[in-house]
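Here is a short note to read alongside the model. Please keep the structure open and look up each residue as it comes up.

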Amino acid sequence: MIQIDNLQKYFGQLHVLRGIDLQVKKGEVLSVIGASGSGKSTLLYCINGLEQIQGGTITVDGVEVHDKGTDLNKLRQSMGMVFQQWNSFPHLTAIENVALAPKIVKKKSKSEAIEIAKKQLVHVGLEEKLNVYPSELSGGQQQRLAIARALAMDPQYMLFDEATSALDPELVGEVLETMRLLAEEGMTMICVTHEMGFARDVSDRVAFFNDGVIEEIDTAENIFENPKSELTQKFLSKVR
Amino acid sequence: MFDYNFHWRPVLKSLPDLLEASLVTLQVAVLSMIIGIVIGLFLSVLKLKARGPLKWFATCWIELARNTPALFQLFFFGFGLGALGIHLTPFFIVLAGLSFNNAGYLAENFRGGFNAIPETQLKAARSLGMTLWHAYTRILVPQVLRIVYYPMTNQFVWAVLMSSLGMLVGFRELSGETQFFASKTYRIFEYFAAAAIIYYIMVKLILFISKLLATRLFRY
Amino acid sequence: MENQISFFSSFGLNDVFFMAEAAYRTLLISVVSISIGTVIGGIFGWMLFEGRISATILLGPILDVFRSVPLIIQLVLFYNFAPIIGFDLDAFESGLVILTLYTAALVANVVRGGIASVGEPMRRAARSLGMNYWQDLRYVVFPIGVRAIFPSWVGVALGVLKDSALVSVLGYVELLRASQILMTRTQEPLLIIAVAGAFYFALSYPISRFSASFERKWSQ
């Protein structure tokens, strides 16, 4: 379970996250929506320990992320993260991209790591591209590669940071399809997204972010069919 | 106009010695590159990430290496350290001088390379649970080395050319050997012309091999 | 040690002047050869860019020699070659000739790259406005190209400034040779090396900083 209490985050003078309280249970899919710059992505970085926080706590399976004694490298193994920019490692082939972390972080043998990598690349539908360098893959394929890379660490949680927003429109579908597949398999996911269709169909709950706070959080159905907050209504009427 | 008689025979006779000495040249240049790359990487990371004395140290090294003559640097490792009671052999004077210089110049190249890599690469590596050391050695540095491959080749050529300063500190690489024979036979022009040709061929070979290697190394 | 000091005079104010004068000689030979070398190099670079086959085949390899043979070998070679063809040149003159040609070879490469960087579309646009070839060169290629090559040119100039230390092997008493003389006399190598280093640094560092800030301003 991911438990966030009164999270405060500043960038210099800028107060980006202003008291976030949030709980994500095992097996749940949470979509986070809201205007750009509302702090959604920063929240994911904080959960992964890639950003320092200035107040509150984030605990993942009982471990406090920002505690000094926490082994972040170990904790991060339980959380896979997929970024907006497809950042596959350009100097490694697809299978090397996926096999690297199991090998050097989890100390798997080379053949084991390759096995895992193969399995995950098949999982995301890249079985034809095992020995291809990222530069020869489309944006959508690179993003699926990034998903496979994260899955290879056998994570308990997957964090998606606007995984489709840098893609050409015709490539968005294949990535969403892969994410949908993961959700159906019971993966616990937090998806920061601008894809309202995905948020509505796939997620259990949806959180609407506004100006560093969670303005409203509810089931997907309630948020989209009858939002309580005026701001939520306004936002949804704009993006629809 | 030409009342000078060229004598090439002695040069031909000592050609094997000159060629052997050019291997010494290559050897010291290669070693100084390896040392220079390792130190240069550390200096560039220090300059980018560190604060306080460590950053200051890196900056001093880089600026001194880049803003003083290579010969001056050689003198420092020769006469300068000698005054402190540290007496290096000619080989180590040249090696130290070239390594110091390579590290300084390469550090600036590496810095540019690191800056050219998107910040998200580091984030992605860390999000997979990699330690900072792994993220650098497995993800960032290999990419940097590719970006700076051609500047690195140029630096290597430069190291080969600079190693000729060895003749001023008594090191018998190609120039030192040339100098030795030239002063023994007084055929200065002939010997130095031969050395020039050997250097020229060496440099061309290095550039050629570097291009060949690039097609093998970088398939992406 | 106590006894030695009485044999050798220690480092004094006179010696600072001696070194300052030598620094002036370093500056003199550098400035003159960089100035002439830049002009010649500019013309060569333009020829390399425009001259198609003839210039590339003839000029290219010749300029290549200056970049592929150690400067110290070039200096010794030319110093000994000049009398053979009937020119009696002293150390300064020999050094000047070689440093000038060396500069020209490096600048030619930079200039060719600079002209190429201006790009065909921009030049075509200039010609379509009715400019003739020389107007295009003067009002389009030159101002844009100069910006593009300025940092590299400063790099070349600083390189020549530092490399001028090598003319000392011919006996020209520039900064480094002067330090060597003083080292032998005063037996205070560390101090003198530090002073010499400071002189070089003072000549080179401000220029490289200036160039870097210029580059930043232009790239904005």
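Predicted model: local features only at pLDDT ≥ 70, side-chain atom pairs only at ≥ 80, totals over all residues.

1. Start with B:Phe181. Its relative accessible area is 9%, so B:Phe181 is buried; the cut-off for that word is under 20%.

2. **Its partner.** B:Tyr191 has a relative accessibility of 1%, so B:Tyr191 counts as buried too. Now take the two rings together. The centres of B:Phe181 and B:Tyr191 are 5.7 Å apart and the planes are at 10°, so this pair is stacked. B:Phe181 sits in helix H9 (residues 174-185) of chain B and B:Tyr191 in helix H10 (residues 188-217) of chain B, so the pair ties together parts that are 10 residues apart in sequence.

3. **Aromatic pairs elsewhere.** How many aromatic pairs does the whole structure hold over all chains? The search finds 20. One of them is in chain A: the rings of A:Phe208 and A:Phe235 have centres 5.0 Å apart and planes at 35°, so the pair is tilted. A:Phe208 belongs to strand S9 (residues 205-210) of chain A, and A:Phe235 to helix H9 (residues 230-239) of chain A, so this pair ties together parts 27 residues apart in sequence. Both A:Phe208 and A:Phe235 are buried.

4. **A cluster in chain B.** Some aromatic residues form a group. B:Phe57, B:Trp61, B:Phe76, B:Phe77 and B:Phe100 make up one aromatic cluster.

5. Is B:Ala135 buried or exposed? Its relative accessibility is 0%, so B:Ala135 counts as buried. B:Ala135 is part of helix H7 (residues 132-147) of chain B. Set aside neighbours within four places in sequence, and B:Ala135 is in contact with B:Leu122, B:Ala125, B:Arg126, B:Met130 and B:Leu140. B:Ala124 is 11 residues from B:Ala135 in sequence, and their C-alpha atoms are 9.0 Å apart in space.

6. **Which chains touch.** There are 2 pairs of chains that touch, and chains B and C have the most contacts. Chain A and chain C do not touch. The nearest C-alpha atoms of chain A and chain C are 25 Å apart.

7. **Chain C against chain B.** Chain C gives 36 residues to this contact, and chain B gives 36 residues. About 3,200 Å² is buried between chain C and chain B, with 79% of that area from carbon and sulfur atoms. There is 1 salt bridge between chain C and chain B. C:Asp64 forms a salt bridge with B:Lys204, and their closest N and O atoms are 2.2 Å apart. The count of residue pairs in polar contact is 4.

8. **The chain C side.** Which helix supplies the largest share of the side of chain C that touches chain B? H9(C) does, with 11 residues. By class, the side of chain C that touches chain B has 24 nonpolar, 7 polar and 5 charged residues.

9. **Chain B against chain A.** Here 18 residues of chain B are in contact with 26 residues of chain A. The area buried between chain B and chain A is about 2,000 Å², and carbon and sulfur atoms give 65% of it. Across this interface there are 0 salt bridges, but 4 residue pairs are in polar contact. On the side of chain B that touches chain A, H6(B) gives the most, with 7 residues. That side of chain B divides into 7 nonpolar, 7 polar and 4 charged residues.

Methods
Residues numbered from 1 in each chain as written. Chains lettered and ligands numbered in written order. Heavy atoms only, no water. Contact = heavy atoms within 4.5 Å. Buried area = accessible area lost by both parts, 1.4 Å probe. Salt bridge = Lys/Arg side-chain N within 4 Å of Asp/Glu carboxyl O. Polar contact = N/O pair within 3.5 Å; in protein donor to acceptor, adjacent residues only side chain to side chain. Helix = DSSP H or I, 4+ residues; strand = E, 2+ residues; numbered from the N terminus. Nonpolar A, V, L, I, M, F, W, Y, C, P; charged D, E, K, R; others polar. Phe/Tyr/Trp six-rings, centres within 6.5 Å; stacked < 30°, edge-to-face > 60°. Buried < 20%, exposed > 50% of the residue type's maximum accessible area, 1.4 Å probe, protein only.
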